[in-house]
Amino acid sequence: MTFELSALPTQRADLIERLKAPHTYDIAIIGGGATGLGVALDAAARGFSVVLVDSHDFAKGTSSRATKLVHGGVRYLAQGNISLVREALHERTRLLANAPHLAQPLPFVMPSYKFWEAPFYGVGLKMYDALAGKAGLGATEFLSRAETLRDLPTVREKGLKGGVKYWDGQFDDARLALALARSAARAGALLVNYCAATGLIHEAGKVVGLQLTDQESGQALTVRAKCVVNAAGVWVDQLRVLDGQAIGHEARPMVAPSQGVHIVVDRGFLPTDHALLVPKTADGRVLFAVPWLGKTILGTTDTPRNDLAREPMAFREELDFILGEAGRYLSRAPAPADIRSIWVGLRPLVKPPDDDGDRTQALSREHTVLVSKSGLVTVTGGKWTTYRAMAEDVLDNCFARNLLPQRPGGVTASLLLVGAQSSGHRISDAPGLHLYGSDAARVLALPGSDRELGGGLTEAMVRFAARYEYARTVEDVLARRSRLLFLDAALAKSLAGAVAGLLEEEGQAAPRLADFLTLADQYLTLPS
């Protein structure tokens, strides 16, 4: 049996030893979400020496809590942001091509209950198609009442006049983040999770490295680099403040966090491979019902949030909004008892310099790159779909400030990610071996490939997560290598003990089982 060279071992001791070795990297990146991982892959693919650290697990924050859509942004088209939509539509196609096992086209249907809705939204979606051009995934279609019911069999029939179908994409966000991390490692980058950047090293007013703490051992480490990139998502301002203090410059906050809540219910509420989109709900927000990994995701909200909790809780009014709006469009209204998991993500929206308000729905979804007087490069904002273009923009800023020597770009436009291989399965199918793409054979070769713990997770998948996917804790496995915490928190909780035992067999002495059990309870707890 032969394997591709993508499955590099991720043994913790080896990674820490590499991190401790004296070396000046070309670029050091803080933050292992979509943005930081995208920068790491692009930089490594161009031949730069790269180190990336994250205080928690890769994609622990926003990047594992998306609505699971790879999209151009229909709502941004309505706002008139043509350039953002055009860029996102073309990046969407690249992403789907570079990771076909984790990102695929998905048809959406907007049901219409008023005579003007289908032609009104249809015209906008035809423009969406035109902006995509050759990067389009399928033509927008006007649907009859019968065709709408065919594609959305449980949509509310009373008053239904027809609908509009258009195409976007969906993906497994956390596993795509892992694919980026492993692809960057394949290109030579060093990536270490659970290693916090606790300070910046300045010399002569310039940032030249990082002070680090290994979160597992408590050991203090330092890393030197010609260029330091702050890609910490909603937490970028914390590092900007440290940088400002070191050089005597006040860094004004640039992030206005927004909270997005998602509810997961069984597939029976929308038994189809089409997604439901309501472009304007009772209060003007968008409602999605998306088939994903054998379940249905309902969401999302857009609520200002000033605290930066790693595990934010939903507000009761957000839960009521999602359930209430879903009940208006589905023939069977989901109730609190039907919820399998509730999860919340914080979006790092960029606020204008003179904006002290808290209305996040109106803020731009575009990304921003700032370079401080010390040379600290900060990137935040944006969205998953455009992670690759954001990475190129970051490196262009590094070149412009002479932090790195310029090298040709575009190297990741058609770079296949680790595991890239079409499997014939949909992302909406229940989880299984197909999500590993070309790594499936390696998973099957590990002990326990024929022993399923539950929810499509086998013992071999847990071992693979520990050996090749940087997994350190039960949460790493059940939240991000497998997505069971997000799909069915009660099931994930029931498997936690077995997962902890397997991680211990793989050499992890502290898989943090008790912490995960507490977290699983949170994903099951309804806000009061």
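Colleague: Which residue has its charged end over the ring of Trp235, and how far is that end from the ring centre?

Modeller: That is Arg310, whose charged end sits over the Trp235 ring at 3.8 Å from the centre. This is a predicted model. A second case involves Phe486: Arg483 lies over its face, 4.7 Å from the centre of the ring.

Colleague: What other aromatic ring does Phe486 pair with?

Modeller: To read a ring pair, take the distance between centres and then the angle between planes; planes over 60 degrees apart count as edge-to-face. A search of the whole structure gives 15 aromatic pairs. In one of them the ring centres of Tyr436 and Phe464 are 5.8 Å apart and the planes stand at 80°, so this pair is edge-to-face. Phe486 pairs with Tyr523, also edge-to-face, with 5.7 Å from centre to centre and 75° between the planes.

Colleague: Which parts of the chain do Phe486 and Tyr523 link?

Modeller: Phe486 belongs to helix α14 (residues 484-487) and Tyr523 to helix α16 (residues 513-524), and the two are 37 residues apart. Both Phe486 and Tyr523 are buried.

Colleague: And where do Tyr436 and Phe464 lie?

Modeller: Tyr436 is in the loop between α10 (387-400) and α11 (440-444), while Phe464 is in helix α12 (residues 459-468), so their pair ties together parts 28 residues apart in sequence. Tyr436 and Phe464 are buried as well. Elsewhere, Phe108, Tyr128, Tyr166 and Phe288 make up one aromatic cluster.

Colleague: Which members of the largest nonpolar core touch the most other members?

Modeller: They are Ile27, Leu191, Val229 and Leu485, in a core of 139 residues. Helix α15 (residues 489-505) supplies the largest share of this core, 8 residues. Another core lies apart from it, with 28 residues that include Val261, Ile263, Leu287 and Phe321.

Colleague: What is Ile27 in contact with, leaving aside neighbours within four places in sequence?

Modeller: The contacts of Ile27 include Val39, Ala43, Val50 and Val51. Among the others are Ala225, Cys227, Val229, Leu395 and Leu404.

Colleague: How does the span of α15 compare with the expected one?

Modeller: From first C-alpha to last, the 17 residues of α15 reach 24 Å, close to the 24 Å expected at 1.5 Å a residue. The span should be read together with the axis: α15 bends by about 45° at Ala496. Ala496 is also buried, as are Ala489, Ala492, Leu495, Val499, Ala500, Leu502 and Leu503 of this helix. After α15 comes Gly507, with a positive phi near 100°.

Colleague: What should I expect of phi and of peptide bonds in general?

Modeller: Most residues other than glycine have a negative phi, and most peptide bonds are trans.

Methods: Residues numbered from 1 in each chain as written. Predicted model: local features only at pLDDT ≥ 70, side-chain atom pairs only at ≥ 80, totals over all residues. Heavy atoms only, no water. Core = buried A, V, L, I, M, F, W, Y, C linked by side-chain atoms within 4.5 Å. Buried < 20%, exposed > 50% of the residue type's maximum accessible area, 1.4 Å probe, protein only. Helix = DSSP H or I, 4+ residues; strand = E, 2+ residues; numbered from the N terminus. Contact = heavy atoms within 4.5 Å. Phe/Tyr/Trp six-rings, centres within 6.5 Å; stacked < 30°, edge-to-face > 60°. Lys NZ or Arg CZ within 6 Å of the ring centre and 35° of its normal. Expected span 1.5 Å × (residues − 1). Bend = angle between axes of the 7 residues up to and from the residue.
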